[in-house]
Amino acid sequence: MMRSEIVLANDRVYHLGLPSQVLAPNLILVGDPQRAYRVAEKFDTINEEFRNREYLTICGRYRGIPCSVIGTGIGTDNVEIAIVEAYGLLCLDLGFNTTLYKPSEIRLIRVGTSGSISSDVIPGTLAISKYAVGLDSTGLYYDVPITDPIITKIESTVHQDLDTHLKKA
């Protein structure tokens with residue numbers, strides 16, 4: 001029998017404070033909870049709003065498509081917690097240990113600010129990326145085989161650059 005490490009309190013995931021079956025598989029992740037309100041202003045309808053700890057989740061519809069926006073607060077640790085709990089809510093029946101959705105049926109879109117190491121990128125520039133590199137330790141806990149050749153090249157280049165620059169420091 002499968003056992004989840006996701007903590008439930010009063011039939012809600014502990015950090016997001018969400019009950020089962022409210023979160024849409026189309027997730028927009030923002031850092032600043034106030035930005036979640038700005039995103040939700042674009043929704044056709046808002047069904048529910050949940051606030052727990054530093055997290056704010058608003059569920060509704062955009063052009064008829066079920067969507068949820070989650071304001072995670074600051075830091076990659078908060079983002080990881082939000083994604084793990086959202087995955088649990090969307091992919092697992094936490095009461096009966098069965099699978100609901102396949103992970104490929106969940107769409108995550110991150111909307112937020114980012115730094116740049118390129119001096120020609122002006123603050124406030126709109127950037128739409130297909131890939132991202134986290135320079136934190138979050139990814140160390142997920143051993144996922146890399147099948148995308150672009151990701152393999154990005155990771156290899158980042159490792160080489162870090163090794164080169166850290167040896168100089």
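How many helices and how many strands does the secondary structure of the protein chain come to? The chain has three helices and nine strands, where helices (H or I, at least four residues) and strands (E, at least two) are DSSP runs numbered from the N terminus. Read along the sequence, these elements follow the pattern β-β-β-α-β-β-β-α-β-β-β-α. The model is a predicted one, in which local features need pLDDT of at least 70 and side-chain atom pairs count only at pLDDT 80 or more, while totals for chains, interfaces and linings use all residues. Residues are numbered from 1 along each chain as its sequence is written, and side-chain values use heavy atoms, with hydrogens and water left out.

We can begin with the chain as a whole. Its accessible surface comes to about 12,200 Å², of which 56% belongs to carbon and sulfur atoms; such areas come from the Shrake-Rupley method with a 1.4 Å probe, and for residues only the protein chains shown count as cover. Of the 169 residues, 28% count as buried, a word that stands for under 20% relative accessible area, whereas exposed stands for over 50% and partly exposed for what lies in between (1.4 Å probe, protein chains only). Among contacts (heavy atoms within 4.5 Å) with a separation of 6 or more, 54% are accounted for by residues 24 or more positions apart.

From here we turn to the interior. A nonpolar core is a set of buried Ala, Val, Leu, Ile, Met, Phe, Trp, Tyr and Cys residues joined through side-chain atoms within 4.5 Å. The largest such core has 20 residues, and those touching the most other members are Val 13, Leu 16, Leu 18, Leu 23, Leu 27 and Ile 70. Strand E3 (26-30), strand E5 (55-62) and helix H2 (76-91) each supply at least two residues of this core, and the largest share, five residues, comes from H2. Leu 16, not counting residues up to four places away in sequence, touches Asn 52, Tyr 55, Thr 57, Ile 70, Ala 82, Glu 85 and Ala 86. Apart from this core lies another, of ten residues, among them Ala 36, Val 39, Ile 58 and Cys 67.

Helix H1 (residues 33-40) has Pro 33, Ala 36, Val 39 and Ala 40 as its buried residues. These residues lie on the same side of H1, because they cover an arc of only 95° around the axis, the arc being that of the directions from the helix axis to the C-beta atoms. An α-helix has 3.6 residues a turn, so residues three or four places apart point the same way. What covers the buried residues of H1 includes E3, strand E4 (45-52), E5 and strand E6 (65-71).

Some loops also deserve a look. Glu 54, in the loop between E4 and E5, is partly exposed at 33% relative accessibility, and Pro 33, Gly 71, Thr 72, Gly 73 and Asn 78 are the residues that Glu 54 touches, not counting those up to four places away in sequence. Most residues other than glycine have a negative phi. Gln 21, however, has a positive phi of about 65° although it is not a glycine; Gln 21 is found in the loop between strand E2 (12-13) and E3, and counts as exposed at 77% relative accessibility. Arg 63, in the loop between E5 and E6, has a positive phi near 50° and is exposed as well, at 67% relative accessibility.
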